[in-house]
Amino acid sequence: MCSTACPDPWSSYRGHCYRFEADSLLTYDEAKSACGLHGAGVLSVETTAEHSFLVRWLTQHDPFQRDWYTSGVRKDNSGTTESQYKWESTEKDVTLVITSLWLQPPDTRIQNGVIVYGYGPLERGPRFLVEPHSIVVVSQGEGTTLTPPLVLDCVVTAVPQASYRWLKGPDFTAEVTMSGDDRVTITNGRLTIKDPTKDRDWGVYRCVASNEYGTVISSSAEVTFGALGEFNNVKDAGTRTQAYDGATLQCSAITFKPAISYQWMKGDSLQFVRPEFQEYIFISKNGKLYFSEVTRADESTYRCIAVLAGVNSFTIGQAPSRISLPIPLIVEDQAPKSDWGPRIQNDFIAVFPSPPLRGQDVRLECFAYGSKTSPFRYRWSRDDKPLPTTAKVYDHSRVLVLANAQLEDSGVYSWRIVASTGGWLGGLVGWLLGWSVVSEVKRNVLTISMLSPALHAGMYQCAAKNTHGETVSNAQLRVLALPPSLERYPPPSSVMAARGGNLTLRCHPEGAPFPKVEWSKDGAAISNGGDKYTVLANGNLHTTHLTHREQGEYTCTATNQFGTTQAASTVRITEGATLVTTPSDDAALVNETMFLPCQASHPESLDMVYEWTFNGFPLDFRTGHYQMVRGGGAERWRDGERYMVYEWTFNGFPLDFRTGHYQMTAVAGGTTTNSTALQWVQGSTSGGSLGLHVIQAAHQFSPSDWWDHTTVRPSESVVQNGVTTGWHSVRVEGLNPGTAYRFRVLAVNEYGRGLESAASAYVRTHSAPPAVSPRNVRGGGGSIGTLTIRWDALDRSEYGTSDVSSVGYRLFWRVKVVSRAEPQWSSREIARATADHLSVFVGQAMYFTLYETKVQAFNDMGFGPNSSVVEVYSAETLPTGVPQNVNTNTYNSTAIEVFWDPVPQTREAAGGIILGYQYYGQLDYGLVIGLDVDVNMVIDVQVFNSAGLGSRSNRYIMETSGSAPLTYPQEVRIWSAGEGRAHLWWRGITITVEEEGLTGYAIWVWPANENPDTARLIELPGMVFHYTLTDLDLNTLYALRLAAVGGGGYGKKTPTIYFTVEGQIVVDSLMAETIDVLSGAQSVFLVRTLLVALAVVIATVLNMNLHWLPCVSL
């Protein structure tokens, strides 16, 4: 305390200064020392007013209700209660009035003989410390065990302790309780719901906390459930681009709620795209995959993965995901570019969500196109303010995330990008034409009015300047001046139209500027806007209510300032259809069939379509209530009230889909067990030549499955009796007995197949034994000692009888023998039409024995034909043989080789067909992979067949080796060693205890324009650190990789090194667009024509001694 003006953080009261220290817990002696450092003493309380001030301050600033030291201590020789304590800082006694404030039983508020402000809890109403947050549940499905419990937290401070209730619903009248729902738990304000489902738990919740001093209600918290749709099953077109340009792949559309995140995979191997390792790739929140620069190496098919997500951290559940169909990226070759960019892509800056909402994670993105050999650096800023403390950058600084965004995070955010040269994108922008400044613009947009080819055609460049330099982009402007032309879309030379109909004549000219179109008929101009003719905006001529006066030659003329062109179409008007017989009013009795006639006269070159309406609505013939019957050219309808019929004609050539429409009937008395006779009347050929009649059939058990049963030429089926004309007849063979069939016919002419006739009535063939044998007879498997025979049961149409209960199968089997007389057939019958297998016990001694089998079907009329004889093995038994001489060998740090003598493939040892030894096939060697490094294990081998595993072999203990070398050789150097030779030198590596001992080094070398899989492997045993490569070709670029070899296998390989017989070539690890060959001060610059095929011509520079420099940017 002090009696002067109180400095910060001291509090003033009636001329005294008070400082409250609560940074750490102290003893009383430590507290005295701390106060002494400030030139003050521990608190003493002289009056009740001062005590009230202290209580008020602690109530407002100390919600944790900690104990606070005073200087009141017990006196050593206190004789009375009044003088039992004293203020040590002032050496005054604590008065009885002040003592009563602390020392009332049962809470004496004395700690280790020191009076403390442990005044006990102050009674007050509830106050929220934690309120519930809205939650989104994303999961694989409602009720899935992958969904964690739904938890809503509600915490208040109150004295006495508050009680909690949870309310739900739009008006919060429904209380959430634990009674009646064992999924719900409420503990000290926390609401927990196990296995949340949308139907039961979706809605708005509030927490209510109460004690005797009042009630508080929390803010509402909404529980919603996410949803993720499916990708379309139609493939996207993908993206076609050129090499060394920027590119974008669009993810397929998918529905989702509330949010979604994206990932991409590449190629058939479904390798994840990893932007964190490939800076030139960017995956946006909008689902697109961006490439700052593509090469042929990027050409592939890509798949987009959509994962359901929430809008902030309050999201629970196992999020479902979907994967799209392949989306191709096609890269076309073009000449390589020098370093270019950065060029900000049009989609950016992008903000998610849009608009950004308080409490959500706001994501800002930006991305630029440009050469990947010039790394870009990114910088985010906010106008007039620093970035929020919650802002974090990700993905090479291309993404700025504002976690749990608040209103104070609002502002104008900017993004700047700089290439490795150091110049920031932005600044003054100007437009140039042929390196002459066209204009200065403020918004980087150039507008040109009244374009002229002579004045404005040429190359334009946009120049951006700042203090670090200038960069320009290029574009060509072509001002077209083209005379009119009708060559691409010529009008038809002749058109046939029906009288009374409408007609549109096409005229689509091309030209720049677009030509003016005028029409004339037989040389006379046609005025637009009249009652008869209309010239449409696209240049076409439309006319209605055609008569013979509209016949003639129509000419389209197209004109602009650069020329005129024209073309003509001849229009011929034909007669339309005329109704010669029309329906008339009539009356009919209920449930009586009513016929309404309709017949039209029309030219033979036109096809007719009749359309009936009932009270203004088209009749629906699919219901079966109405039926249209063709015969003698009349149209008749069954049932109805008031009808109107319309006639339609098709102008143009005869239509092929009306080539045949017939009525088919079966000939009485012409049916046998497998055939029937049919007859029909030939219909119109619709202008074609009748070539075939196709007879289609369907049986009673699949009445809608029609198939082409018989084809017949009209000349072979026509009835020649001199009485009837147009009749045809044929006998249909190959039917199943005891089955009802119906038939229909269609005709084929040079235009194609016509419509089918109405179906005939059902015709049932006579019952007989089944005409076919069971198909696909086979067998094998089953329990030891059994023979299993299988077959495909007959189709219902093949039973040959209507008595299904009489249908069954007879099975025959006998042991297959060669050297002696064949044994008798054993047989068994199964009286069930749907049976498809039989297992018979032949004895355990007859395991894996070859049998001959056959199957026939029967019914109440007799037995059908036998199937072909099929050889079947009886069931196998477990193998009795055991692999012998099991041995192992270390392959590498995670694999071992296992060797053994295989079990003989004999009936006695194998018990059947050996399927493998935990490998498929009859093997004597296996490679066990995926093991842990440097571990011991027990190895045994078992043979197995279809009956199961045989006995285990003897056990063999083996261990894997330690790790292969974890580092690769450094300081690799290559120089010429004479004609066709190059010398290689490297610095050796050291190993750690986790790695097996070194055994040597390995070199892989191959022509750089070939696949690395074709590399020549050179293994060098021992501690050698140089090697001379031989048999090298002149003017060939080679690639090389080097690795150490240890007991654990091949170690890590160096990055690819390029060289020729003249020496090493320094290349950056990202395969840049250029390759340099260095020799002292001499530099030869070479352009790479293809990414994979590095076709270069190297100047001969002998005795080069060059170092490989990793990650060099050229």
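**A tour of the cysteines**

Begin by selecting Cys-366, which is buried, with a relative accessible area of 1%; buried here means under 20% relative accessible area, exposed over 50%, and partly exposed in between, calculated with a 1.4 Å probe on protein chains only. Before moving on, bear in mind that this is a predicted model, in which local features need pLDDT of at least 70 and side-chain atom pairs count only at pLDDT 80 or more, while totals for chains, interfaces and linings use all residues. Residues are numbered from 1 along each chain as its sequence is written, and side-chain values use heavy atoms, with hydrogens and water left out.

Next, select Cys-35, which at 25% relative accessibility counts as partly exposed.

**The disulfides**

A search of the whole structure finds four disulfides, a disulfide being a pair of cysteine sulfur atoms within 2.5 Å. When the bonded cysteines of the chain are numbered in sequence order, they pair as 1-2, 3-4, 5-6, 7-8.

Select Cys-6 and Cys-17 together, and you will find them joined by a disulfide with an S to S distance of 2.0 Å. Cys-6 lies in the segment before strand S1 (11-13) and Cys-17 in strand S2 (residues 16-18), so this pair ties together parts that are 11 residues apart in sequence; the strands, like the helices, are DSSP runs numbered from the N terminus (strands E, at least two residues; helices H or I, at least four). Looking along the bond, the link of Cys-6 and Cys-17 is left-handed, with -95° about the S-S bond.

Move on to Cys-251 and Cys-304, whose sulfur atoms are 2.0 Å apart in a disulfide. Cys-251 sits in the loop between strand S21 (247-249) and strand S22 (256-257), and Cys-304 in strand S27 (residues 300-309), so the pair ties together parts that are 53 residues apart in sequence. The link of Cys-251 and Cys-304 is left-handed, with -90° about the S-S bond. Cys-251 is buried, with a relative accessible area of 6%, and Cys-304 is buried too, at 0%.

Finally, select Cys-507 and Cys-556, which a disulfide joins with an S to S distance of 1.7 Å. This pair links distant parts of the chain, 49 residues apart, with Cys-507 in the loop between strand S45 (503-505) and strand S46 (510-512) and Cys-556 in strand S51 (residues 552-560). The link of Cys-507 and Cys-556 is left-handed, with -40° about the S-S bond, and both cysteines are buried.
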